[in-house]
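Please look over the model shown here.

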Amino acid sequence: IKIVDDQVYVTCKDRLVRLHDLDSDGEADFYESFSADQDVSVNFHAFNFDLQVDDQGNFYYAKSGHGADTDLPGAIIRVSPDGEQRDVFSTGFRTPNGMGRLPDGRITVSDNQGQWTPASKINLLREGGYYGWVGNYSIPGMWAPGGGTIDLDKVDPPETFDPPLVWMPQDFDNSSGGQLFVDDDRWGPLSGRLLHTSFGKGWLYYTMMQQVGDVSQAAIVKLPFDFRTGIMRAHVNPADGWVYATGLQGWNGGGRVGLLENGIQRLRYTGKPYKMVRDCKVTPDGLSIEFNFPLDVRSATSAEAFDVRHWNYRRQKSYGSEKYSPSTGQVGTDRVNVTSVSLGADGRSVHLNVPDIRPVDQVHLILKLKAADGDDFEEEIYWTINRVPSQ
């Protein structure tokens, strides 16, 4: 649902609908077909997801690729403000259950592990971008791309695709939801960053983005809260500045056990100090991590405080991917070569010197150090390096 100029717009499986309250009794009594979808699949898995609006008033929603027996599966659709024009904004999505919008108007969308999608991920979209999924498989008797009119053996999968903002392994997020940028100061130290939701795990995350030339990349951290349901959509309430998240359970293979079927939950800032990783940046010679509190010098400069491994994924027609060593290409992970750790002049940042730093799908970093006040601090960071800055 999106409210634009006090009018309610709803994403449906076959169209966008605008709701009208003609007799002003607070209940919608006329459902206007605002933009009919010309590419509708009957398969249960072929959803239309989310709804976002840019500064020009254009609407965006995501069409599932997996399970779709239509001609244009796995695409982001853009609809003009008057509903008269529709076009394809970007393609290559398997199950893009959730979108978001940055303050500069750029659109984000998640995707979930499966065929041609080696791990869950968050994408930062560009117009005309292609994000990796290929519609060249089917389940006979249930669905087939193009309704069975396409010879799947002749589909030529593109070798390259736009890399995601960040990859996430299955035990971190097995089924992604949408994103939310929080710009309300009442939400405290977590304000001013992109959040990400997990339907599968019922967790909420925050990201730390980096722009290197024309390439974007990010690190992501899970917040220490177990939501009672899987969560997919989150919004800031303008009345109080807090984040409200909604979701459900349903089918959730590999998800967190014990999630409730449905619910709306609130996450608010108590005003108490909250120690956190504030920023992550790839540098020409390593990894820099910034905190919002002063560090204990001895622990922060100890190599033993940082357990860092990395690996790549393999995009393929079969479901998901193993972890592959960047050095050998074989199944497995490599320890990152951290030769030294230095403390920043402000006492709130560290630099991990990695002489052979390289682009890699996944960096996994576990921190175990102490704050200057003696408190233990532990954190887990997943990180994607699409480009290393030049000197």
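**Charges over rings**

Q: Which residue lies over the face of Trp311?
A: A charge sits over a ring if NZ of Lys or CZ of Arg is within 6 Å of the ring centre and within 35 degrees of the ring normal. At 4.3 Å from the ring centre of Trp311 lies Lys323. This is a predicted model, where local features need pLDDT of at least 70, side-chain atom pairs count only at pLDDT 80 or more, and totals for chains, interfaces and linings use all residues. Residues are numbered from 1 along each chain as its sequence is written, and side-chain values use heavy atoms, with hydrogens and water left out; the residue asked for is Lys323.

Q: How far from the ring centre of Trp242 is the charged end of Arg268?
A: The charged end of Arg268 sits over this ring. Its distance from the centre is 5.8 Å.

Q: What is the strand order in the open sheet of four strands?
A: Strands (E, at least two residues) are DSSP runs, numbered from the N terminus. Two strands pair if DSSP finds at least two bridges between them. Pairing in this sheet is antiparallel, and the order is β1-β2-β3-β4.

Q: Why is one side of β1 and of β4 left without a neighbour in the sheet?
A: β1 (2-4) and β4 (30-36) each have a single partner strand.

Q: Which residue in β4 stands opposite Leu16?
A: Strand β3 (residues 15-20) pairs with β4 in the antiparallel sense over six bridges. Opposite Leu16 stands Ser35.

Q: Is His20 buried or exposed?
A: His20 belongs to strand β3. Buried means under 20% relative accessible area, exposed over 50%, partly exposed in between (1.4 Å probe, protein chains only). With a relative accessible area of 17%, His20 is buried.

Q: Why is the pair of Tyr9 and Phe59 tilted?
A: Rings of Phe, Tyr and Trp (its six-membered ring) pair if their centres lie within 6.5 Å; planes under 30 degrees apart count as stacked, over 60 as edge-to-face and the rest as tilted. The centres of Tyr9 and Phe59 are 4.7 Å apart. The pair is tilted because the planes stand at 45°.
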